[in-house]
Amino acid sequence: MALRLRLDKPWRPLTAEVVDRLPGQLGVYQIADAKGTIVFIGQAGARSTFGLRSELQREASQRASGHQFRMEVNQQYRTRWLELLMVHQADHGSLPTDNAKNPPPALGRLSPN
Amino acid sequence: MDFEPSSEQQMLIDQVRRYVREEIIPLEAKLDPDAAELDPADHARLVEKTKAMGLYGIDIPKEFGGPDIDIVTRVLLAIEMAQHRAGLYVPCYGTFGGAGLAQIFEANEDQKERYLYPTLRGEKKPFFGLTEPSGGSDPARAIQTKAERKDNGWVLNGAKIFISGADRAQYGIVFARTDASKGRAGITCFIVDAGTPGFHVRRVVHTLRSSSYATELEFKDCWVSDHQILGEVNKGFAVANDRLTRQRIPYAAGCIGVAIAAHEMAIEWAKMRSTFGDKLANRQAIQWMLVDNEIDIRTARHFTLEAAEKARRGLPFRTEAAIAKLTASEGGGRVVDRAMQIHGGMGMTKDLPLERWYREMRIRRVGEGPSEVQRMVIAREILGSSLR
């Protein structure tokens, strides 16, 4: 039985009030603009101070208002992050705009069902 | 057999040990604890260093331009190369180069031009497509991927699972059944280009080894020409089996390297850490754990070098390779577990490499033939020779 491939949780506003209440666990997240277009897929790895909370606090402080996020607590943050990037590339033909600026080396190709 | 390294081997061991401690470990301290690769600039810089050491392309046979390293020396170096956080699966982050898949050295001249030489030049990466959802321990019987004759070629249909690197490879070696009536004598080995219509990397398979992932493949009416057959029709299993046996020796060596690194950490910690007014090292419970570590490591090292020595001499080494793989993967797991116990809470954190080794070492009891299959191989030898 395969795990869920795509992140399909509801979007939440990327604001300090919301992200300050997030858990400190490790995992992955997506950032979308106000129209719901995914602009970045990120990971909260073991070197982050407070996991998803600190990564998304940083995102909230650096992005204009109106952005949204959704996240997944996941100890396998590295492979899940690569998987989400590959699935996005397969679905949309390219990486999210902010990932495309600095893509991971040797990203693989998936053709998911 | 005398397994003390010769002076030449010791020189190489010291060289690689220094390289791991002075080049790899300091870089690793800045990476994510689950990292599987270096920054490309660091990788390129270190490749130049291993070239200068004369050890780049360490697994490439001499006649193809590799250094002249025999398998015993290779084991001794593999033990050293594994002694860092990512060392079990990505020893030295690949900075000693790769030889691709051993089977490609058996390819015909045309195939060597198209696959082997570009692989040795680092232009192409392969994957090894053997295991299927129907099972991996007994691949000869489990293979259900079919290849049927059509239009001067073969049409592949089926699935593969737990395949590493298929999503980034330019080609792969794929085993398929070409004669359903012949068991292991009905399997053929094909070289499949990544872009071949009908070849799909369907999904990522997440495992305990969270630094990397495996993939699941689908072949759907995937046509390949006769030129893509590696070896001969219906003789593919011998190609796979040879690799599986030979691979067990360096596989064991990696386990030993990580076990040594974990053991050394535990010794250092036991000498430093005090509880209830005394050093851990002075507690019998801790001493016995360290003694058991030492015995597990020495046992695995002895059997792995014995297997390598037999292979080096051209003697049969199937049983020895199974013993090496079994003792190193099981013993290595016990060593890492005890080292974590000695470290207490710190041993469970991602601050130390122990938790990564613990997860990855668990896979070693299954990968490259599970412990039970190794025992089966050894039992056949014992029973077949009337208990010696």
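## Chain B overall

Chain B contains 10 helices and 10 strands; helices (H or I, at least four residues) and strands (E, at least two) are DSSP runs, numbered from the N terminus. This is a predicted model, in which local features need pLDDT of at least 70, side-chain atom pairs count only at pLDDT 80 or more, and totals for chains, interfaces and linings use all residues. Residues are numbered from 1 along each chain as its sequence is written, while chains are lettered from A and ligands numbered from 1 in the order in which they are written.

Buried residues account for 46% of the 388 residues in chain B. A residue is buried if 20 or more other C-beta atoms, placed from the backbone, lie within 10 Å of its own.

Strand β5 (residues 187–193) of chain B has six of its seven residues buried, so it is largely enclosed by the rest of the structure. β5(B) pairs with strand β4 (residues 171–177) of chain B in the antiparallel sense over seven bridges; pairing requires at least two bridges found by DSSP. Here B:Ile173 stands opposite B:Ile191. β5(B) is also joined by two bridges to strand β8 (residues 229–230) of chain B, again antiparallel, with B:Phe190 opposite B:Ile229.

In helix α9 (residues 354–364) of chain B, the buried residues include B:Leu354, B:Trp357 and B:Met361 as well as B:Arg356, B:Glu360 and B:Arg364. They cover an arc of only 145 degrees around the axis, which puts them on the same side of α9(B); the arc is that of the directions from the helix axis to the C-beta atoms.

## The sheet of chain A

Chain A has an open sheet of four strands in the order β1-β4-β2-β3, with antiparallel pairing. β1 (12–13) and β3 (38–44) of chain A are at the edges with a single partner strand each, so one side of each is left without a neighbour in the sheet. Strand β2 (residues 27–32) of chain A pairs with β3(A) over six bridges, and A:Ile31 has A:Phe40 as its bridge partner.

## Contact between the chains

21 residues of chain A are in contact with 18 residues of chain B, contact meaning C-beta atoms, placed from the backbone, within 7 Å.

Definitions and conventions:
A residue is buried if 20 or more other C-beta atoms lie within 10 Å of its own, exposed if 12 or fewer, and partly exposed in between; C-beta atoms are placed from the backbone. Two residues are in contact if their C-beta atoms, placed from the backbone, lie within 7 Å.
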